[in-house]
Amino acid sequence: MSTDTISPDHASVSNLCWPGDLTRVPFWAYRDRDLPKLEQQRIFEGAVWNFLCLESEIPDPGDWRATVVGRTPVVVARDADGTIAAFENRCAHRGALICLDDSGRGAKDFQCVYHAWCYDLRGNLRSVAFQRGVNGKGGMPPGFRVQDHGPRKLRTTTLHGLVFGTFANDTPPIEEFLGSDVLARFDRVLGGRKIEIIGRFVEVLPNNWKLYAENARDSYHASLLHLFFATFRLNRLSQGGGLTVSPNGGCSVSETIAPTEAVDRSYDGMRSAADDYRLEDLRMIDVVDEHLDRVRHQIVTVFPNFVLQKTQNAMALRFFTPAGVDRTNLEWIFFAYVDDTPEMRKRRLRHLNLGGPAGFVSMEDGCVGGFVERGITTAEDGAAIVEMGGAGVESQPTRATEAAVRGFWSMWRGMMGI
Amino acid sequence: MSAVLRVAELNAAYAQTIDSDRLESWPDFFIEDCLYKITSADNHKRGYSAGIVYADSRAMLRDRVTALRTANIYERQSYRHIIGLPLIGATNPSGIAAETPFLVARIMRDGRTDVFATGVYLDVIRDDARGLRFAERVVVCDSRHFDTLLAIPL
Ligand code: FES
Ligand SMILES: [Fe+2]
């Protein structure tokens with residue numbers, strides 16, 4: 001874990017110079033102390049769709065959930081007419097949180113605890129306690145109008161039961177933002193299905209949030225770092241599959257297709273396939289081909305900080321937010337279909353051993369970001385090589401590529417103006 | 001010996017097995033048809049069924065040990081379990097119910113020691129000719145935050 005707190009020399013973004021094209025990522029991009037503030041303004045509050053919550057978490061009017069957009073606290077609430085509103089969780093009076101808890105049901109309105117200013121379910125300021133004072137004394141000046149004040153609002157949209165929000169006016173519709181290929185993978189897993197949360201955990205990562213954003217898009221590392229499948233001879237990079245990058249560069253899909261050949265020698269001699277280990281309980285991998293397409297593993301990323309994953313029959317949303325320049329909160333939301341049979345539900349619980357902070361496949365993702373942070377402690381002038389599969393950001397029929405990582409940076413640079 | 005003492009002794013042996021890195025013996029504390037799950041108090045309260053570890057057979061526990069030994073990459077680390085006294089509940093055909101608080105410190109390769117997890121074990125303990133073994137051990141962590149990763153079982 002990084003204990004280094006010395007700021008890089010770079011004083012402001014104007015001094016930050018990107019050395020060339022997308023095949024080199026300067027290490028200051030993970031470490032510069034000025035970047036979080038700019039990323040908040042230009043990325044998280046820019047023209048992106050931020051994941052907010054599941055619709056099923058706020059089914060009825062007055063149900064609400066608190067979350068963050070980047071580092072900005074936000075409330076998502078179901079209004080009386082069934083629409084979903086979202087607004088900054090910051091009182092217009094003196095800035096206290098309006099909602100303290102994580103979630104609630106059936107609220108009529110929101111009242112700030114500090115001085116009881118009151119907001120409706122859309123975040124409009126409705127009343128100010130003692131606005132006209134007490135016994136003719138004190139109170140707000142006569143010209144103070146509640147409708148002139150209130151927290152910033154987000155526009156919301158939904159996609160197959162997921163709620164997204166944006167602070168920007170010019171964010172394109174989410175279907176356009178994702179592009180048709182990425183959208184099709186949302187349809188594959190979520191289309192026409194009712195989903196429910198079956199587990200929710202936070203993994204605290206010792207690294208900058210963008211190292212995790214890269215990791216989720218990095219189809220190259222999957223079978224090299226994660227040896228679970230290779231050790232038990234269950235998965236190979238030479239298996240079918242590929243990588244799709246959205247037109248805006250920031251979103252992607254990585255897919256693996258079930259193997260066809262019985263014998264695969266592409267990993268022989270590598271650390272990952274040294275011995276012949278076998279699982280004792282094969283129910284860890286007893287996949288049912290739910291979508292009849294033989295896709296075993298699908299990772300969908302949405303710029304900037306959201307992942308939809310289906311691995312075998314396990315399904316998860318991942319949502320990661322910066323908690324400091326070298327700290328990231330990775331939230332895992334395990335979900336299932338409401339109409340699962342009991343057998344399928346049990347199967348999902350077993351397959352979920354692959355994901356999360358203790359996941360056979362994902363536990364390594366929790367620590368590699370920290371390994372990079374520690375490796376680059378004094379290397380602000382250095383750069384990472386991101387050149388697998390060339391220099392472009394186009395889709396490729398292989399996972400031995402870093403195209404989606406470059407796609408992330410192309411969108412990041414465009415929005416940051418760097 | 002009272003149930004409290006017998007369960008406390010079982011927990012002491014369980015802790016020593018994990019903390020002294022004898023993970024290969026850890027599955028032996030469970031019956032073949034067991035449930036071992038790690039979750040958080042918040043998840044438990046909401047009735048969420050998924051855990052960050054979910055094993056419903058002893059074979060799955062052995063698979064986890066094999067994976068930790070041969071497949072998974074993580075920095076060298078160890079735990080120190082401090083396990084409180086069990087509160088013994090009802091005894092029924094499936095076993096003795098017990099609820100026991102724990103604190104686990106994690107010692108990292110670079111020398112750092114942190115409180116890694118606190119919580120309670122919610123157990124159902126089979127008592128037969130082979131002694132006490134867990135039919136069910138649900139590890140309910142107080143916090144839903146897990147630092148970096150969880151490799152070694154709690
Ligand atoms: S800070 Fe909210 S009412 Fe004063
Ligand atoms: Fe990974």
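Predicted model: local features only at pLDDT ≥ 70, side-chain atom pairs only at ≥ 80, totals over all residues.
Which residues does B:L154 touch, not counting residues up to four places away in sequence?

1. **Contacts of B:L154.** Not counting residues up to four places away in sequence, B:L154 touches B:Y14, B:I18, B:Y36, B:I38, B:Y79, B:H81, B:V104, B:F116, B:A117, B:Y121, B:V139 and B:C141.

2. **Nonpolar cores.** The largest nonpolar core comprises 141 residues, and the members touching the most others are A:F186, A:W412 and B:L154. At least three residues of this core come from each of two domains of chain A, namely domain 1 (50-158) and domain 2 (175-416). As a general background, nonpolar side chains in soluble globular proteins tend to be buried together.

3. **Aromatic pairs overall.** Over all chains, the count of aromatic pairs comes to 33. Two of these pairs are described next.

4. **A:F51 and A:F319.** The ring centres of A:F51 and A:F319 lie 5.4 Å apart with the planes at 70°, and the pair is therefore edge-to-face, since an angle over 60 degrees places a pair in that class.

5. **A:W409 and A:W412.** This pair is also edge-to-face, because the ring centres are 5.0 Å apart and the planes stand at 75°. The two residues are three apart in helix α10 (residues 403-416) of chain A, so about one helical turn separates A:W409 from A:W412. A:W409 is buried at a relative accessible area of 0%, and A:W412 is likewise buried at 0%. A:W412 was named above among the residues that touch the most other members of the largest core.

6. **A ring cluster in chain A.** Ring pairs join A:W409 and A:W412 into a cluster with A:W18, A:W28, A:Y30, A:F44, A:W209, A:F303 and A:F408.

7. **Charges over rings.** The charged end of B:R64 sits over the ring of A:F360, at 4.1 Å from the ring centre; this arrangement pairs a residue of chain B with one of chain A. Within chain B, B:R137 lies over the face of B:Y14, 4.5 Å from the ring centre. B:Y14 is also one of the residues touched by B:L154.

Technical notes: Residues numbered from 1 in each chain as written. Chains lettered and ligands numbered in written order. Heavy atoms only, no water. Core = buried A, V, L, I, M, F, W, Y, C linked by side-chain atoms within 4.5 Å. Buried < 20%, exposed > 50% of the residue type's maximum accessible area, 1.4 Å probe, protein only. Domains from an automatic or database assignment. Contact = heavy atoms within 4.5 Å. Phe/Tyr/Trp six-rings, centres within 6.5 Å; stacked < 30°, edge-to-face > 60°. Helix = DSSP H or I, 4+ residues; strand = E, 2+ residues; numbered from the N terminus. Lys NZ or Arg CZ within 6 Å of the ring centre and 35° of its normal.
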